[in-house]
Amino acid sequence: VPAFTLAELARRVGGEVEGDGALRLEGVAPLEDAGPAEISFLANKKYRRAFEASRAGAVVVERDADVPPGRAVLRAESAYLAFAKISTLFHPPREALPEVSPLAAVHPTATVDPSAQVMPLASIAAGARVGARTIVFPGAQLGEDARVGEDCLVYQNVVVRERCVVGDRVILQPGCVVGSDGFGFALDMEGEGKGPRHYKVPQAGIVVIEDDVEVGANSCVDRATLGVTRIGRGAKIDNLVQIAHNVEVGPLSILASQVGIAGSTKLGMGVVAWGQAGIVGHVTIGDRATINAQAGVGHDLEPGARVAGSPATPDVAWARNTAVFNRLTEMRRELRELRAEVARLREKEGKGS
Amino acid sequence: VPAFTLAELARRVGGEVEGDGALRLEGVAPLEDAGPAEISFLANKKYRRAFEASRAGAVVVERDADVPPGRAVLRAESAYLAFAKISTLFHPPREALPEVSPLAAVHPTATVDPSAQVMPLASIAAGARVGARTIVFPGAQLGEDARVGEDCLVYQNVVVRERCVVGDRVILQPGCVVGSDGFGFALDMEGEGKGPRHYKVPQAGIVVIEDDVEVGANSCVDRATLGVTRIGRGAKIDNLVQIAHNVEVGPLSILASQVGIAGSTKLGMGVVAWGQAGIVGHVTIGDRATINAQAGVGHDLEPGARVAGSPATPDVAWARNTAVFNRLTEMRRELRELRAEVARLREKEGKGS
Amino acid sequence: VPAFTLAELARRVGGEVEGDGALRLEGVAPLEDAGPAEISFLANKKYRRAFEASRAGAVVVERDADVPPGRAVLRAESAYLAFAKISTLFHPPREALPEVSPLAAVHPTATVDPSAQVMPLASIAAGARVGARTIVFPGAQLGEDARVGEDCLVYQNVVVRERCVVGDRVILQPGCVVGSDGFGFALDMEGEGKGPRHYKVPQAGIVVIEDDVEVGANSCVDRATLGVTRIGRGAKIDNLVQIAHNVEVGPLSILASQVGIAGSTKLGMGVVAWGQAGIVGHVTIGDRATINAQAGVGHDLEPGARVAGSPATPDVAWARNTAVFNRLTEMRRELRELRAEVARLREKEGKGS
């Protein structure tokens, strides 16, 4: 078990100590669970009561946080980032134990870096390459000529199909699929005399996953019809996300769980799409656009756009319109009353004239 | 092939026979397919015509059901439950054939109960434990120190990552993932001098799946950032469901296919969420709340609440407002006509004065 | 590398050449990437500028397309279909290398056609059958008595559970699951004296996937409770799609990514459902109905119906109502102004009378 003094933690993550810098800390824990040898984190003013009740030895807080007196705290520019770094000190990333399991199926023409680890029941097909210090877990399958870079984690039952390219420091969570065929068919009314059919358009391209990307469990990234489906550097993709053929996801984008992006759509840098949002094919989403949960985007978005709803509209307008929607029944009643009143006025007017 | 008399079935599931108790039944079938040696089930008054046309030897019905004369029926308090139990008699759960396949990869420090079955191409990592009578199917991967209890079915290509805990009588359908990393990143504008990045927050917690839970095919349950993501006793989760880090799903809850629950949200007991519904993070859903298909829940729900729509509102109000939505074009026209009429009245009034 | 003259391509796919039929072509590429030895495709008038700028040696266009002078073109009745066929000439489907890998787990009672290929770490359980020229990739698991027909591609980590039947020329993309248990439980308030539980209804049926179907990565097709869940001939299913127990998907239907279809629903022939759409259980969707992305279908649809929204309504009405929704705030303001105006008129009238 690693242990650090509070002062040491502050030095490592770039914060300032208030209280006993010599305090020895052996772990991280949420405010409500932490004991005197653990350091915790105040995420949010909302949790101030939890802070007061906490038995945590120390707490990471924002620079300007108002904290109860007598508490050991570590103040940092970004408390969440500092806490994440501290947590990494206590939970260092898994390191490869250089070995190719005799129970793995590694083709003779595959290249596995001597510092990499290939666990039992993983397969590395002909011509595939595994970079330095990468770990390939049981059940992960790399297709022919697939390439996985350095310092990657290829978790259990991941599939990287033939010729796809995965960069360095990429994490592929269990069950995700890289390089499945895109969904492309041409309607063939004749079907060579046998009647209509959907003729499969060859999906001859690949997927490129750039450095520092993470792809979530059971997510799917389809290979391009021709060319490349690209996940840009540092993008983070959650579980059960669908990325269709020829999509480009810009660097540092964030796609939450169950998001779906249809074919050939281009996302700029730092785009954020929240859970279950969908984007149609062949559109362009500008840098730093934010798409609300469950939104349905049917057209291009400008850089920095913030949208919600299905079909998606600017989020502020959507929130207002939604508030009215929730009073529609009342509004209809008012409209009816008004019609009756106007009819009465008109009738009276008619009589009057 | 097992066979039972109608009287025997009634005795076993607690119902009453009308007609020939000595009737020998060899299987269960839907009303439209059942033959004279099969027992069927009247789900719903709507299917009464199918009942009349059915060739089924016997039919399970509710205590007070009105049935055609001359039919052998088994009346039960809950016909559906009685039918389910009868079906179980004809389709008993699969039993483990105690054996560890020589084609499985079982680490020497793993513990597999002698009554358990580990099939070919399954892996059981160091320190992992498999309980009595549990079946681990081909391609299932249990990580280091993972624990699976007794009488479980761990179907093909399931992943249970390191240290996660699965209770007794749990069914994990093919391809589901237990213990993938939660989706947590801290924005790091400096990135150690290389520019902005999403810094990975270690996902150091685990998943606990309590007894009698079922998790559907290709569903994902993320491990906690710290602490536990918990699926409560007897909860049933359908396919392609996303459970994020630190979520708690209460006992006996039902989550239909493609539901997504974001981080740290707590579901009470017996919560029901229908297909494609989503719940944001950090909220609390009261016991027995019901969430309609495709609803988007953005805030806490009271026990027993029934909601629909996105954003979710009480389902009765939502249904009414939706009905108005479907006449919005008409309503706008009425509003325009009314404006014209009022303008006319005002103008006339202006002239009049 | 295969190569063809333009005239040869035209002959093979049934089009007409304008320009140099002797032009030698070595590949296909998008307009913007194609070089002089490649043939490209004009999808859409919208891309005419890309056509003009393209360095492609030849371009496939519609019969009546207006093209820049001096270009070699191949005119075809359906340009997209012709291009797909040309692409297939350059990217012929993968062929089985007849072999059962010694690293596969093939039960002695399984039947693998001598022309089929079973790769390392695939499992073929007792009684299962693999047809001629089919390829079973690493990590694919066929359960007991499962049957896969001829000329199929069963990609990495696919699961076909026991007794399910897959036809000829079927493609199962990585990680898809065929034959997982349907989601069926009967509420049991007693639970044999231990309190309420969800009693599992045995899922004793199977899945039948007819010829020429494709199922996408990580999609799930549940087995029937009793009887058959059926995917009709030539239907195409994208990634992460959920097909519940006892569903029938009609021939030639198209289900885009993340679509969900609840239990016992029947889809006719040629139904199209776009991304993230959902259909409730126990309804019937007529032939050639089209369901928009994210729509929620709660009732039967007539043949040829076109719906959108949640709950789904005819798409034209939905588009109009949505347009009004996006001006609801303005509409409410107008209504308020009108009420004030009418109140003023009434008051005046009151004074006047």
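The following paragraphs describe how the chains of a predicted model are related, how they meet, and how selected residues are placed within them.

Two copies of a chain are related by a rotation about an axis and a shift along it.

The size of an interface is often given as the accessible area lost when the parts come together. Between chain B and chain A this area is about 5,100 Å², and carbon and sulfur atoms account for 62% of it. Within the part that chain B buries against chain A, B:Phe183, B:His198 and B:Leu226 supply 13%, more than any other three residues. The contact draws on 69 residues of chain B and 60 residues of chain A. Four salt bridges are found across this interface, one of which joins A:Arg94 to B:Glu144 with the closest N and O atoms 2.6 Å apart. On the side of chain B that touches chain A, the elements giving two or more residues are the strands β21 (177-180), β22 (185-188), β23 (197-200) and β26 (220-222), together with the helices α4 (315-325) and α5 (328-352) of chain B. Of these, α5(B) provides the largest share, with ten residues. When the residues on this side of chain B are sorted by class, 33 are nonpolar, 23 polar and 13 charged.

The interface of chain C with chain B involves 69 residues of chain C and 60 residues of chain B. The buried area is about 5,100 Å², with 63% of it on carbon and sulfur atoms, and C:Phe183, C:His198 and C:Leu226 contribute 14% of the area that chain C buries against chain B, more than any other three residues. Chain C and chain B are connected by four salt bridges, and 27 residue pairs (both at pLDDT 80 or more) are in polar contact between them. Among the elements that give two or more residues to the side of chain C touching chain B are β21 (177-180), β23 (197-200) and α5 (328-352) of chain C, and the largest share, ten residues, comes from α5(C). The residues on this side of chain C comprise 33 nonpolar, 23 polar and 13 charged.

Over all chains, the structure holds 84 salt bridges. In chain B, the side chains of B:Glu330 and B:Arg327 meet in a salt bridge at 3.3 Å, N to O; B:Glu330 is partly exposed at 29% relative accessibility, and B:Arg327 is also partly exposed, at 41%. A further pair crosses between chains, running from B:Arg339 in helix α5 of chain B to C:Glu334 in helix α5 of chain C, with the closest N and O atoms of this salt bridge 3.2 Å apart. B:Arg339 is partly exposed, with 36% relative accessibility, whereas C:Glu334 is buried, with a relative accessible area of 15%. Within chain C, C:Lys200 forms a salt bridge with C:Asp181, the closest N and O atoms being 2.8 Å apart. This pair links distant parts of the chain, since C:Lys200 belongs to strand β23 and C:Asp181 to the loop between β21 and β22, 19 residues apart. C:Lys200 is partly exposed at 22% relative accessibility, while C:Asp181 is buried at 8%. Salt bridges with shared partners also join A:Arg161, A:Glu162, A:Asp181, A:Lys200, A:Arg223 and C:Glu214 into one network.

Two loop residues of chain A were examined individually. A:Ser54 lies between α2 (48-53) and β6 (58-62) and is buried, at 7% relative accessibility. Its side chain reaches the backbone nitrogen of A:Ala56 at 3.0 Å, and, residues up to four places away in sequence being left out, A:Ser54 touches A:Leu31, A:Ala34 and A:Arg71. A:Val67 is placed in the loop between β6 and β7 (73-76) and is buried, with a relative accessible area of 16%. Beyond its neighbours within four places in sequence, A:Val67 is in contact with A:Arg48, A:Phe51, A:Val61, A:Val73 and A:Arg75; A:Phe51 is 16 residues from A:Val67 in sequence and 8.5 Å from it in space, C-alpha to C-alpha.

How values were computed: Residues numbered from 1 in each chain as written. Chains lettered and ligands numbered in written order. Predicted model: local features only at pLDDT ≥ 70, side-chain atom pairs only at ≥ 80, totals over all residues. Heavy atoms only, no water. Contact = heavy atoms within 4.5 Å. Buried area = accessible area lost by both parts, 1.4 Å probe. Helix = DSSP H or I, 4+ residues; strand = E, 2+ residues; numbered from the N terminus. Nonpolar A, V, L, I, M, F, W, Y, C, P; charged D, E, K, R; others polar. Polar contact = N/O pair within 3.5 Å; in protein donor to acceptor, adjacent residues only side chain to side chain. Buried < 20%, exposed > 50% of the residue type's maximum accessible area, 1.4 Å probe, protein only.
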